[in-house]
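The structure comes first, and the notes follow it.

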Amino acid sequence: TLNKISSSKFDTPSKRDDFEDILEERRNSSDLRYALKCYTPVLYKGLTPCKVSELKQMVLQSDQLGYVITQVSKEKGMTTDEVTGDAAAILEEMAQRLQLSTVRFFAFTLSKVFKTLFRSICVNEEGLQRLQQAIHNHPVVLLPSHRSYMDFLLMSYILYTYDLALPVIAAGMDFMGMKVVGEMLRMSGAFFIRRSFGGDKLYWAVFSEYVKIMLKNGYAPVEFFLEGTRSRTAKSLTPKLGLLNIVMDPFLKGEVFDISLVPVSISYERTLEEALYARELLGVPKPKESTSGLFKARKILSEDYGSIHVYFGQPVSVRSLAESRVNRSQFNLIPRHIPTRPSEEILSFVNDSAYRLVRAQEENMVLKPWVLLAFVLLQKQAAEDKQGTALDEFTEQAVWLRDLSRHYGLSVLTRSAITPEEELLNQAVVILSCVSYRNQALNVFIRPALLASAIHTAASNRKQEIYNGFSFLRNMFSNEFILCPGATVQDFEEACYLLVKTGALQINQQEVLITERGHRTLAFLTSVLDPFLQGYQVVCRFLCEEDCLTEKQFIPAVRKFIIKHLLTGRLRYIEVLSSDLQKNALAALIRLGAVQKIKGYVGFTHLRVPCWFDRLSGYPTLTPMPFKSVVAHL
């Protein structure tokens with residue numbers, strides 16, 4: 001089956017650059033010679049990078065930080081020297097200390113590790129050539145997708161291999177607590193930041209000024225993850241805007257001519273953390289990052305994790321993005337060293353840019369045949385097909401799905417007695433691991449799937465009614481998938497185009513009609529959305545039975561509720577146990593006004609189901625949103 005799906009180089013489409021396996025040379029030559037090679041990267045404008053100590057001085061002496069220091073000293077009744085000392089301490093805790101000797105050590109060590117773990121690491125060399133040119137011409141920001149802890153190590157390894165400037169990388173404080181390893185990461189380019197700053201103006205000023213000075217002076221490419229954290233489900237996460245706002249600021253204020261944003265798509269055949277992610281989604285606490293934990297994890301060296309494809313996308317010019325979108329003259333009205341909140345215009349621009357960049361990451365993913373097999377297997381499992389499927393039929397389904405995927409633009413391996421609940425959770429670990437493969441292709445199908453579900457639930461063939469259903473579902477699932485704000489019409493037209501293109505629909509000005517050959521496609525696409533619809537439905541039903549609970553109580557309580565219904569056979573999809581889906585469903589209901597957040601008397605944030613939940617029907621009804629249609633869609 002895998003061979004049939006893989007025919008015609010399914011996983012390396014012709015529309016893309018060619019890939020080269022960088023491990024091939026590593027298997028045939030000395031790792032030590034590789035680590036000690038002459039390393040002379042091209043730098044921004046050919047400048048010589050300043051020393052780490054000089055960089056810190058530039059930050060501490062900047063006008064913007066000086067202004068904030070003065071403000072904080074007045075607010076807290078401290079001297080400016082005391083606040084400056086606090087700023088210096090923050091900077092010392094945060095700053096990277098990139099050293100070539102440490103980079104060489106990692107180059108040697110990672111060569112050994114990568115050759116053991118992976119069959120190949122394939123990179124598009126044309127993308128690296130574009131990146132080299134971009135680094136020479138403008139400040140560069142690298143934006144990799146984030147599916148594994150391996151991502152930032154892999155990025156630096158590839159850039160070192162191709163003699164490109166090594167990035168400085170935004171990393172969470174968790175890593176700094178790892179003895180020895182934390183300092184080694186710092187000396188390989190990592191700078192450490194808190195997960196949240198709260199209202200700490202001084203910390204924010206030090207951090208933003210540090211990043212902007214590194215970027216403006218071409219010290220090194222700046223690298224961070226737009227999604228903010230690793231995706232446990234292999235779906236793209238809603239982008240976080242803080243760092244993107246900071247790196248765009250020098251252009252918006254006219255301090256640099258342009259900035260190049262480079263989306264990077266990292267596609268794993270199998271992630272190192274797949275079983276760990278599945279357990280986290282089932283409520284098992286995430287292990288704390290530690291050096292001892294790293295050494296305990298060495299057993300993974302005996303496993304085969306297949307291949308990795310890393311695609312460096314086209315550099316995106318911030319100047320081009322901002323053209324006709326942003327009036328930069330607004331920044332001339334206030335001295336540049338005075339920090340101000342971004343205007344609605346700027347926030348909208350940054351938000352739209354972030355979604356565009358995450359979509360670019362999705363579109364350049366390279367997916368293996370197993371991703372499509374996961375689709376077929378999960379749908380079979382959900383249908384409770386106890387008889388199994390003949391290999392020929394299974395292969396035919398997978399090949400059909402491969403062809404459909406190409407049309408949609410997709411680039412294409414004795415127990416002790418336990419309780420029923422334990423058996424269900426063990427099965428869920430396998431299912432959620434499988435789901436993480438399927439999810440890698442969801443971005444290709446989600447818009448047609450939303451349309452198919454809207455058609456399925458519409459009372460007529462009227463185009464406007466189907467559009468309304470599509471719009472409702474798109475709004476409901478905007479926490480679940482990368483759906484650009486304000487692009488409902490565009491997404492609807494794209495979905496219509498794809499389904500017409502594959503012969504599934506005929507569409508005129510007034511009606512949407514399913515063709516004879518379209519029933520199979522529509523059935524598949526409707527089933528793509530079914531697990532998410534059922535997940536949101538069960539969260540609604542759970543909340544209808546609860547008057548008030550804390551956010552901390554929500555996940556364990558809803559999981560217990562779901563397990564009960566799975567064991568009684570009332571739910572079909574085991575993947576609704578995913579805490580990611582449950583959190584997204586809750587966020588959507590809060591956003592739509594179906595659930596209220598209120599402050600509890602002991603300082604906790606509580607969730608309260610308002611009176612407009614119709615307990616008799618078991619479905620929520622909303623005043624601000626036509627939530628009665630949830631009955632039809634969920």
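Leaving aside its neighbours within four places in sequence, which residues is T233 in contact with? T233 is in contact with L281, V435, S436, N439, S578 and D580, where contact means heavy atoms within 4.5 Å. T233 is found in the loop between strand 6 (222-223) and helix 13 (242-252); helices (H or I, at least four residues) and strands (E, at least two) are DSSP runs, numbered from the N terminus. T233 counts as buried, at 7% relative accessibility. Here buried means under 20% relative accessible area, exposed over 50%, and partly exposed in between (1.4 Å probe, protein chains only).

The model is predicted, so local features need pLDDT of at least 70 and side-chain atom pairs count only at pLDDT 80 or more, while totals for chains, interfaces and linings use all residues. Residues are numbered from 1 along each chain as its sequence is written, and side-chain values use heavy atoms, with hydrogens and water left out.

**Cavities**

A cavity is a set of points, on a 1 Å grid over the protein atoms alone, where a 1.4 Å probe fits but cannot get out; lining residues have an atom within 4 Å of a point. Grid points are joined across faces, edges and corners, and a volume is the space filled by probe spheres set on the points.

| Cavity | Volume | Lining | Classes in lining |
|---|---|---|---|
| Largest | about 320 Å³ | 29 residues | 11 nonpolar, nine polar, nine charged residues |

In the lining of the largest cavity, R147, A234, K235, N439 and Q440 lie nearest the centre. The elements that give two or more residues to this lining are strand 7 (260-268), helix 14 (274-281), helix 20 (420-438) and helix 21 (442-457). Helix 21 provides the largest share, four residues. N439, one of the residues nearest the centre of this cavity, is also among the contacts of T233.

Helix 7 (100-117) and helix 9 (150-161) are the elements that give two or more residues to its lining. The largest share, five residues, comes from helix 9.

**Cysteines**

With a disulfide taken as a pair of cysteine sulfur atoms within 2.5 Å, the count comes to zero disulfides. C540 is in no disulfide, and the nearest cysteine sulfur, that of C544, is 6.8 Å away. C540 is buried, with a relative accessible area of 2%, whereas C548 is partly exposed, at 31%.

**Other residues**

K212 is found in helix 12 (residues 201-216) and is buried, with a relative accessible area of 6%. Its side chain makes a polar contact with the side chain of Q64 (3.4 Å). A polar contact is a pair of N or O atoms within 3.5 Å; within protein, one must be able to donate a hydrogen and the other to accept it, and residues adjacent in sequence count only if both atoms are side-chain atoms. Not counting residues up to four places away in sequence, K212 touches Q64, I246, D249 and P250.

D163 is found in the loop between helix 9 and strand 4 (168-172). S324 is found in the loop between helix 16 (318-322) and helix 17 (344-363), and counts as exposed at 78% relative accessibility.

Note on methods:
On a 1 Å grid over the protein atoms alone, a cavity is a set of points where a 1.4 Å probe fits but cannot get out, and a pocket is an open set with protein on both sides within 12 Å along at least five of seven lines; lining residues have an atom within 4 Å of a point. Ala, Val, Leu, Ile, Met, Phe, Trp, Tyr, Cys and Pro count as nonpolar, Asp, Glu, Lys and Arg as charged, and the others, Gly among them, as polar.
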